[in-house]
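Here are my notes on this model. Please keep the structure open as you go through the points.

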Amino acid sequence: MANDTKGQVEKILAELGKKIDQLIVETKSASGDVREDVEKKIKELKKKKEKLEEDFESYKGKNEGKWQDAKSHLSSAVQELKKAIEAMFKDNSAKK
């Protein structure tokens, strides 16, 4: 796997982590019902992000030669998670 590609995936995962952390901070000022809903979604997002990180690390170690085949699948999963986080930010802002 090219170092540049690894770096891009790692950068995206780090960005997702920061957005989740930011969402946690914003949730503290939300009302009770909204806070509970968002906290539940945050837990789900954290699990998905952790799973992506685990899959990436596992894949990176075991399948160096197959990286190009799976690159688009991993990228799609990361983009889907990113969109979910961005949607939560929009929902959280609208409910304040």
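1. Start with a term: a residue is buried under 20% relative accessible area, exposed over 50%, and partly exposed in between (1.4 Å probe, protein chains only). By that scale, D37 is partly exposed, at 30%. K41 is partly exposed too, at 28%.

2. A word on the source. This is a predicted model, where local features need pLDDT of at least 70, side-chain atom pairs count only at pLDDT 80 or more, and totals for chains, interfaces and linings use all residues. Residues are numbered from 1 along each chain as its sequence is written, and side-chain values use heavy atoms, without hydrogens and water.

3. Confidence next. pLDDT is the predictor's confidence in each residue, from 0 to 100. The chain's mean is 76, and 79% of its residues reach 70 or more. Helices here are DSSP runs (H or I, at least four residues), numbered from the N terminus.

4. Check helix 2 for length. The expected span is 1.5 Å times one less than the number of residues. Its 31 residues should span 45 Å, and the end C-alpha atoms are 45 Å apart, so the two agree. Its buried residues include V34, V38, I42 and L45. E53 also lies in helix 2, and is partly exposed at 27%. E53 and L13 are 40 residues apart in sequence, yet their C-alpha atoms are 7.3 Å apart in space.

5. Now the charges. A salt bridge is a side-chain nitrogen of Lys or Arg within 4 Å of a carboxyl oxygen of Asp or Glu. The count is five. K41 pairs with D37, with the closest N and O atoms 3.6 Å apart. Both lie in helix 2, four residues apart, about one turn.

6. Which residues are linked in a network of salt bridges? They are E15, K19 and K82. K19 and E15 come within 3.9 Å, N to O, and sit about one helical turn apart in helix 1. K19 is buried at 18%, whereas E15 is partly exposed at 29%. K82 meets E15 at 3.4 Å, N to O. That pair links distant parts of the chain: K82 is in helix 3, E15 in helix 1, 67 residues apart.

How values were computed
Helices (H or I, at least four residues) and strands (E, at least two) are DSSP runs, numbered from the N terminus.
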